[in-house]
Amino acid sequence: MLLRNALKSVITAAMMLSAASLATHAKADAVDDITKAGAINVGIFSDFPPFSSASADMSIKGYDIDVAQAIADSLKVKLNLVSVTGQNRIPYLTDKRVDILMSVGYSKEREQVIDFAAPYAPYYIAVIGPAELAVKGKEDLADKSIAVNRGTLEDTSLTQAAPASADIRRFDNYNSVIQAFISGQTQLMVVGNDVGAQVLAKQDALKPEQKFQLLTSPSHIGLNKNEDRLKKAVNDAVAKMLVDGKLDESSKAWLKTPLNPDNLKD
């Protein structure tokens, strides 16, 4: 009888320990894992200027890196950058090889698989031209020559917006679009703000500027579903950067234009 009672006590204690272990595991989430590891793994495109690319000292820098570092700092952990591609980045996230992904465009299809933090980076298609050329809206595109990358979203957006008299000149790649614009073959060009930032930064003589936007689709930070604490931490870090001006500083440094909060609206 004593042996049976002792065995029952041992079994009961083991069951209680097992239940406690399961409960602890159930409560563990990405923030716990990140804190325990002392680092957050952030998936980035390593060659995606001005959002992320190698600098002169071969370190990765850019708008995305500024934001990723702010998130790491808010969690009091080290930032570990992980290079991903358009094809493997969602599997990297769902397999937990990375904790979050930068520069993820929202779509209903992606929302079936991953979650999205609030928008943090502007992405838009803009009309760019020299400062001396007066262009304020799509009606001002009449009779203007405009370079655009053939068959892209930029091409579609421009075709829908431009008056019939606009001279739309389509090229097969962005380098050709940029060259046509800076050489004076066209008066304007239509590109995404990632491509446009490179031109705005380098063409001092031409003094190019953004005239107006054709389409806005801000970038989000992707994370796994049911990670509410991590989502809140990411959103809080981005909100702090917006309030204290750090996000505007990054926009000026990398996108070569002040941050317009309206560009962070879906």
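Which element of the protein has the lowest mean pLDDT, and which the highest? Hi everyone, let's start there. This is a predicted model, and helix 1, residues 2-27, comes out lowest with a mean of 48. The highest mean, 98, belongs to helix 3, residues 63-75.

Residues 10-17 have a pLDDT below 50, and apart from near neighbours in sequence they make zero contacts in the model. Residues 19-26 also stay under 50, with zero contacts beyond four places in sequence. As for the protein as a whole, the average pLDDT is 88, and 89% of the residues score at least 70.

Now, on to the largest pocket. Its volume is about 320 Å³. Thirteen residues, 13 in the lining, surround the points of this pocket, and those nearest its centre are F48, S103, G105, Y123 and S219. Which element gives the largest share of that lining? That would be strand 5, residues 100-105, with three residues. Sorted by class, the lining has six nonpolar, four polar and three charged residues.

Last stop: helix 9, residues 228-244, and helix 10, residues 246-255. These two pack at an angle of about 80 degrees, and their axes are 4 Å apart. Angles of 65 to 115 degrees count as roughly perpendicular, so that is how helix 9 and helix 10 sit relative to each other. From helix 9, V238, M241, L242 and D244 meet K246, L247 and S250 of helix 10. By class, this contact has four nonpolar, one polar and two charged residues.

Thanks, everyone!

Conventions. Residues numbered from 1 in each chain as written. Predicted model: local features only at pLDDT ≥ 70, side-chain atom pairs only at ≥ 80, totals over all residues. Heavy atoms only, no water. 1 Å grid on protein atoms, 1.4 Å probe; cavity = no way out; pocket = protein on both sides within 12 Å on 5 of 7 lines; lining within 4 Å. Points joined across faces, edges and corners; volume = space filled by probe spheres on them. Nonpolar A, V, L, I, M, F, W, Y, C, P; charged D, E, K, R; others polar. Axes fitted to C-alpha atoms, helices over the stretch in contact; angles between N-to-C directions. Parallel < 35°, antiparallel > 145°, perpendicular 65-115°, else oblique. Contact = heavy atoms within 4.5 Å. pLDDT = per-residue confidence, 0-100.
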